[in-house]
Amino acid sequence: MPRKITSIALDIAKFAPTEDGNWRRLDDLLDELWQAGGPEQAIPEMLSVFERYPEEDGYGVMWSIVHGLEKLPNYEPALLASLARQPSELGIVMVGRMLNSGITEIGDVSLLLTLQEIASTATSPQIREAANSVASRAR
């Protein structure tokens, strides 16, 4: 019997790679989420992975979150809220992909200004550089 979305989402929210750096469990959880239907219900939990591991890509596993979110309607406000809480490299990449597709604002929030703010306020040099890089390409 398939598990409920809320149970899968909770497991995603609690996910941590194994001590040896294995991210396979997250990959399995994401597959399970999409197979269960209604993955939009777990947008906050998926973004929480970016927030917990802001400079990681999980050996490529976190790109499944990027591609999955981009297929869902109305994920963008949650992404911006996530970036406000904890800027993340993949969150910045997603903003860059929106800019590349011609989207410049979400609601009344400028994506370019969001990147500039992250570039000037993030505590991580890696995150600041990512935001600067994406913002400079978008101009």
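Two rings of Phe, Tyr or Trp count as a pair if their centres lie within 6.5 Å, with the six-membered ring used for Trp. The model shown here is predicted. Searching the whole structure gives two aromatic pairs. In one of them, the ring centres of Phe15 and Trp23 are 5.4 Å apart and the planes meet at 45 degrees, so this pair is tilted; planes under 30 degrees apart would count as stacked and those over 60 as edge-to-face.

Trp23 sits in the loop between helix H1 (5-14) and helix H2 (24-36), while Tyr53 sits in the loop between helix H3 (43-52) and helix H4 (62-70), so the pair ties together parts that are 30 residues apart in sequence. Tyr53 is buried, as is Trp23. Together, Phe15, Trp23 and Tyr53 make up one aromatic cluster.

In soluble globular proteins, nonpolar side chains tend to be buried together. The largest nonpolar core here has 44 residues, and the members that touch the most others are Leu26, Met46, Leu69, Ile92 and Val95. At least two residues of this core come from each of H1, H2, H3, H4, helix H5 (76-85), helix H6 (89-100), helix H7 (111-121) and helix H8 (125-138). H6 contributes the most, with six residues.

Which residues is Ile92 in contact with, leaving aside neighbours within four places in sequence? They are Leu83, Leu115, Ile118, Ile127, Ala130, Ala131 and Val134.

Note on methods: Residues numbered from 1 in each chain as written. Predicted model: local features only at pLDDT ≥ 70, side-chain atom pairs only at ≥ 80, totals over all residues. Heavy atoms only, no water. Helix = DSSP H or I, 4+ residues; strand = E, 2+ residues; numbered from the N terminus. Buried < 20%, exposed > 50% of the residue type's maximum accessible area, 1.4 Å probe, protein only. Core = buried A, V, L, I, M, F, W, Y, C linked by side-chain atoms within 4.5 Å. Contact = heavy atoms within 4.5 Å.
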